[in-house]
Structure formats: structure tokens, C-alpha cells
Amino acid sequence: MVNLRHLLKPTVAAFVLCVTAFQPSVAISQQNDAAEIVADSELSRMMAELAVADAARAEQLAGQIRHLWDASGSASADFLLRRTRKAIEVSEMEAAVEHATALVDHAPEFAQGWAERARAYYALDLYGPALSDLEQVIALNPRHFDAVMGLAIMLDEIGKPKDAYEAYQQVQAIHPHQAGLTEALERLAPLVRGQDL
């Protein structure tokens, strides 16, 4: 008869070593999940407050929300985001598109990469790609008031007042004090009402 204890001892030892080795990564993963849940609940709280805040508080909240949206969780993505924005700052839009394309290839679930590439495309008057990227941002983050505002502005500029007005109304529901929003709604309201008649 085969001595099973002789065979099981190395197997059990290997199992214990594996469990011990992987335990820290499980703990880190659980910590990251917990931090993400806290960040999501904080973001939800700030978004709810943004919808009802006065203008001064809304500006402060919008800045904090944008800061949270900028957190990719990846050093590489953060680096590419910084390079994209730097290129936009110095009006090197082709370079900005290249950096942002690398960013969305590297981190396709990171909405800010798509948003920055849309910005660069818009500056190059490439409305089709810019609109496509804004749709991606909104699919990833439906409350991204800057992306919805950008969509509204582009729809307005290409002569789609009704669609633009609806997009501006969506921004109003999320961030009523977004710069330029009130003026756009007031300007388009008569045109849209005339179309509805």
C-alpha cells in the first residue's frame, strides 16, 4: 500500500506557501476596492450637492469633481494625460491627439482620456471624431457635465438647435451653474419653441 502521507506532505506545504504568497495581493485588491467605493460615494454626494448648490459652491464642487475624474489609478495613464494637456496648453493639437490616442488605447475605460482627445479634435475643427469621443465619455460617465456641455456646444455650432438645447438641459440638471449654460439656453429657447409649434 502507498504511503499517502508521504505524497500529501509536499502538496500541503506548496498550498500553504501559495496561500501565504497571494494573501497580500488579495488584501491590496480589497483595499483598492474599498477605496474605490469610498471615492464613488464621495463623488455621488458631490454630484447631488452640485445640482442644488449656489454659484460659488458649484464652482468649488465642479473643481473637486474634475479632480476625482482625473484619477486614473495608473501612473502611465496619468503621464499620458499630463502630456496631452501640456500639448493642448501650447496649442500643439496634433501632438495632443497622439498622446490622447495612446491614453485611450492604454486605458479605454478612463473617460478623461476620451474627453481630452475630443478637446484636441475640436480645436482642430474635426467635429466628427470629437463628437464620437464625447459620446464615449458620456457612455463611460453619463454625469460628465463638461462632455455633455461640449456635445451641446458642437451641436449648436453645426446647426442642430433642438439637439443642442436638449443637451444643454441635461447639463442644467447636473451642473446648473456651468459657464455659458444660461446664455445658451436663453438664446436657443425661442428657436426650439418655434420648431415645436
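This report describes a pocket, the aromatic pairs and several residues of a predicted model.

Residues are numbered from 1 along each chain as its sequence is written, and side-chain values use heavy atoms, with hydrogens and water left out. Local features need pLDDT of at least 70 and side-chain atom pairs count only at pLDDT 80 or more, while totals for chains, interfaces and linings use all residues.

**Pocket**

The second largest pocket has a volume of about 390 Å³. A pocket here is an open set of points on a 1 Å grid over the protein atoms alone where a 1.4 Å probe fits, with protein on both sides within 12 Å along at least five of seven lines; lining residues have an atom within 4 Å of a point. The volume is the space filled by probe spheres set on the points, which are joined across faces, edges and corners. Its lining has 18 residues, and Ala115, Arg119, Asp146, Ala147 and Gly150 lie nearest the centre. Helix H2 (55-69), helix H5 (111-123) and helix H7 (145-157) each give two or more residues to this lining. Helices are DSSP runs (H or I, at least four residues), numbered from the N terminus. By residue class, the lining holds nine nonpolar, three polar and six charged residues. Ala, Val, Leu, Ile, Met, Phe, Trp, Tyr, Cys and Pro count as nonpolar, Asp, Glu, Lys and Arg as charged, and the others, Gly among them, as polar.

**Aromatic pairs**

The whole structure has two aromatic pairs. Rings of Phe, Tyr and Trp (its six-membered ring) pair if their centres lie within 6.5 Å; planes under 30 degrees apart count as stacked, over 60 as edge-to-face and the rest as tilted.

| Pair | Centre distance | Plane angle | Class |
|---|---|---|---|
| Trp69 and Phe145 | 4.9 Å | 45° | tilted |
| Tyr122 and Tyr127 | 5.5 Å | 35° | tilted |

Trp69 in helix H2 and Phe145 in helix H7 are 76 residues apart, so this pair links distant parts of the chain. Both Trp69 and Phe145 are buried, that is, under 20% relative accessible area, where exposed is over 50% and partly exposed lies in between (1.4 Å probe, protein chains only). Tyr122 is partly exposed at 29%.

Gln178 sits in the loop between H8 and helix H9 (181-196) and is buried, at 9% relative accessible area. Beyond its neighbours within four places in sequence, Gln178 is in contact (heavy atoms within 4.5 Å) with Arg66, Phe145, Asp146, Met149 and Val171. Val171 is also among the buried residues of H8.

Ser132 belongs to helix H6 (residues 127-140) and is partly exposed at 42%. Its C-alpha lies 9.6 Å from that of Leu151, 19 residues apart in sequence.
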